[in-house]
Amino acid sequence: MLEILPQVIWYSLVASAIYTLVAIGLTMTFGVLGFINFAHGEMAMLGAYLLLAFWVMLKWPFWPAFTLVVILMVIFGVLLEKFTFKPVRKSHPFKPLIISIGVSAFLQSVVVLIFGAGVTSYFQDGQQAAQTFSFLNGDFVVTDHQILLMAISVILLIALALFLKYSKTGKAMRAVADNPQVAAILGINVDRTVSIIFALGTALAAIGGMLIAGEQNLTPTMGLSLSIYGFSAVVLGGVGNVWGALVGALIIGFLENFLTAFTALPPNYNSAIVFLLLIIMLMVRPNGILGARAEAEVRK
Amino acid sequence: MLDYLIHLAAEFIILSMLTLCLDIIIGFVGYLNLGHVAFWAIGSYTYALLMLHGVPFFVSMVAAGVVAGIAGFLIGLPTLRLKGHYIAIATLGFMYITGAFLSNLTDVTRGPLGLPGIPRPTIFGFYFGSDFLFLGLTVAISLVVALLIYKILHSPFGKILETIREDEVAAKALGKNTFGYKLQANVVSAFFVGIMSALSASFFQYIGPTDFEVPRMIFFLAALMIGGAGSFWGGLLGAVVILGLEECTRFIALPPNAIGPIRTMIYAVILIAVMLYKPNGILGKKIKAFDR
């Protein structure tokens with residue numbers, strides 16, 4: 001039992017890193033615009049499939065393909081916000097929420113039409129299989145891809161935290177999140193700030209999608225489940241707070257992998273347990289673990 | 001051609017009625033329940049399993065309604081206290097939990113294989129086997145259910161639900177136990193979904209876990225929004241409009257594996273367009289949540 005512990009912890013960290021990348025975009029849109037963006041996970045899905053097209057199908061080198069996907073996704077994310085969410089920005093949060101469900105279903109169908117509904121992978125022929133490093137007499141195996149994934153995630157998270165805290169744009173973002181009207185009066189360009197939030201969130205989600213697709217497989221439905229995992233992380237950790245997203249993602253990642261490794265529960269029930277945890281959390285402590293907002297935000 | 005029209009009519013009626021049930025909770029109470037198809041799944045599986053074990057039709061149908069109603073009660077307890085968009089995510093989680101059980105409890109539900117060969121009902125020795133006879137039964141039961149829902153929605157109870165939707169604090173200040181009313185509405189909605197799922201399961205004669213996932217949820221949501229949330233007739237109309245559009249795609253030659261995604265794309269575009277340009281739908285009333 002104990003000898004697999006380091007391996008399980010490592011897998012948990014890898015999963016948590018991806019959930020964090022997706023959850024950060026969600027928590028920023030939720031914190032600033034006040035609605036749940038169900039289409040956010042689709043940015044991860046779309047990024048993963050674009051990388052499949054450029055890198056695997058067109059056989060471009062990895063880094064140019066990766067960069068191009070991030071740039072395309074940023075443009076897409078900003079345009080999406082302009083055409084679908086901006087017109088209803090001042091509406092009741094149901095409207096953008098329902099629109100985001102529509103966007104999510106639309107993008108999913110587009111990918112099914114182009115790439116098929118089945119499961120695909122970057123490594124179908126096996127020739128690009130990852131290089132592995134083993135420790136502890138082979139009980140602890142790490143692939144180079146997992147190291148890359150962890151490095152990128154940690155660097156992005158630290159960079160983002162510094163950006164939000166110290167840069168002018170980051171401060172503007174926090175001001176808009178706190179009170180859009182006052183921010184506008186103070187001369188902050190709210191539209192531009194929201195665009196930057198979408199650009200950042202989409203970029204992080206797309207990177208998360210490409211990284212997790214290298215670790216697992218690609219399915220057109222991966223986006224929505226990432227959205228829901230991401231949002232569960234946001235709620236668990238505390239809404240509107242980047243560190244809350246990290247804490248929530250860690251809880252979900254560890255819970256999922258420890259349940260699979262140390263209990264007889266079939267892994268198919270993992271998502272059910274995450275959602276059960278989410279519902280219980282909304283009941284017991286709706287502010288999340290790090291959340292500072294009043295309970296009245298969540299419950300009547 | 002006539003067979004096709006009869007088949008279509010039954011499908012239109014069943015899906016319209018299911019949309020109407022969703023209207024109770026989204027349109028009248030104003031709670032965005034995204035896991036509503038889970039009630040349909042629970043009702044359908046209850047009904048199908050009972051029918052496959054030879055239980056009489058009416059017993060199976062009422063059992064499906066009761067089990068779905070109990071599910072509505074149990075899921076209402078934790079979620080109906082939440083605010084607007086949190087209920088959306090919690091109920092969506094409920095849909096995923098139900099789906100996980102349906103595809104993993106293989107001993108009971110046969111998992112992803114689904115339950116084929118669900119029999120058409122036999123009532124007092126009379127077998128409703130053909131599509132035409134089944135359409136008659138569907139019309140009869142749907143009329144009763146629709147009448148009951150109409151009565152409920154236009155009773156004082158329905159008015160209280162609308163008050164809760166527009167201003168829950170005011171409803172509370174008037175001394176109404178808003179949580180109790182919301183729970184009752186949730187149970188009523190789930191119960192009627194259960195009743196209708198008896199008809200849908202017998203009509204399609206097959207159910208599987210993939211029938212109760214996101215594409216279906218999008219369908220009902222798009223139908224409700226285009227028809228008009230918060231209106232009895234809007235709830236019924238929406239599904240007819242969307243299915244009508246869907247039937248038009250039948251006459252365009254499409255590769256078979258493209259039909260599913262293209263239909264979902266149609267629902268999605270309708271949903272987005274309605275929310276952007278006509279949030280009250282065709283017949284909907286002015287609802288605070290969708291009007292501002």
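Visitor: Which residues does Val187(B) touch, leaving out those up to four places away in sequence?

Guide: This is a predicted model. A contact list shows what a residue meets beyond its own stretch of chain. Val187(B) touches Gly69(B), Gly72(B), Phe73(B) and Gly76(B), with residues up to four places away in sequence not counted.

Visitor: Where does Val187(B) lie?

Guide: Val187(B) is part of helix 9 of chain B, residues 178–204. From Val187(B) to Ile70(B) the sequence separation is 117 residues, while their C-alpha atoms are 7.0 Å apart in space.

Visitor: Is Val187(B) buried or partly exposed?

Guide: Burial is read by counting neighbours: 20 or more other C-beta atoms within 10 Å make a residue buried, 12 or fewer make it exposed, and the range in between is partly exposed. Val187(B) has 18 other C-beta atoms within 10 Å, so it is partly exposed.

Visitor: Which residues other than glycine have a positive phi?

Guide: Two cases can be looked at here. Lys59(A) has phi near 60°, and it sits in the loop between helix 2 (40–57) and helix 3 (62–85) of chain A. Because Lys59(A) has 8 C-beta neighbours inside 10 Å, it counts as exposed. In chain B, Gln205(B) has a positive phi of about 60°. Gln205(B) is found in the loop between helix 9 and strand 4 (206–207) of chain B. With 13 other C-beta atoms within 10 Å, Gln205(B) is partly exposed.

Visitor: At what angle do helix 1 and helix 5 of chain A pack?

Guide: A helix pair is read from the angle and the distance between the axes. Helix 1 (residues 5–33) and helix 5 (residues 144–166) of chain A pack at about 40°, and their axes are 10 Å apart. That angle makes helix 1 of chain A oblique to helix 5 of chain A. Their crossing is left-handed.

Visitor: Which residues make that contact between helix 1 and helix 5 of chain A?

Guide: On helix 1 of chain A they include Leu13(A), Ala17(A) and Ile24(A), and on helix 5 of chain A they include Leu149(A), Ser153(A) and Leu160(A). Sorted by class, this contact has 10 nonpolar, three polar and no charged residues.

Visitor: How do helix 9 and helix 11 of chain A cross?

Guide: The axes of helix 9 (residues 222–237) and helix 11 (residues 270–284) of chain A come within 10 Å and cross at roughly 35°. This crossing is left-handed. Among the residues that meet are Ser225(A) and Tyr229(A) from helix 9 of chain A, with Val274(A) and Phe275(A) from helix 11 of chain A. The contact divides into eight nonpolar, three polar and no charged residues.

Visitor: How many residues does each chain put into the contact between chain A and chain B?

Guide: Chain B gives 39 residues and chain A gives 38. On the chain B side, helix 4 (84–104), helix 10 (214–227), helix 12 (256–277) and helix 13 (288–291) each supply at least two residues. Helix 4 of chain B gives the most, with 13 residues. By class, the side of chain B that touches chain A has 28 nonpolar, six polar and five charged residues.

Visitor: Which residues touch the most other members of the largest nonpolar core?

Guide: The core has 186 residues, and those with the most contacts to other members include Leu51(A), Leu18(B) and Leu271(B). Helix 1 of chain A contributes the largest share of this core, 15 residues. Leu271(B) touches residues of both chains, including Ile98(A), Gly102(A), Ile218(B) and Met225(B).

Terms used: Residues numbered from 1 in each chain as written. Chains lettered and ligands numbered in written order. Predicted model: local features only at pLDDT ≥ 70, side-chain atom pairs only at ≥ 80, totals over all residues. Axes fitted to C-alpha atoms, helices over the stretch in contact; angles between N-to-C directions. Helix = DSSP H or I, 4+ residues; strand = E, 2+ residues; numbered from the N terminus. Parallel < 35°, antiparallel > 145°, perpendicular 65-115°, else oblique. Left-handed = near helix turned anticlockwise from the far one by under 90°. Contact = placed C-beta atoms within 7 Å. Nonpolar A, V, L, I, M, F, W, Y, C, P; charged D, E, K, R; others polar. Core = buried A, V, L, I, M, F, W, Y, C linked by C-beta atoms within 7 Å.
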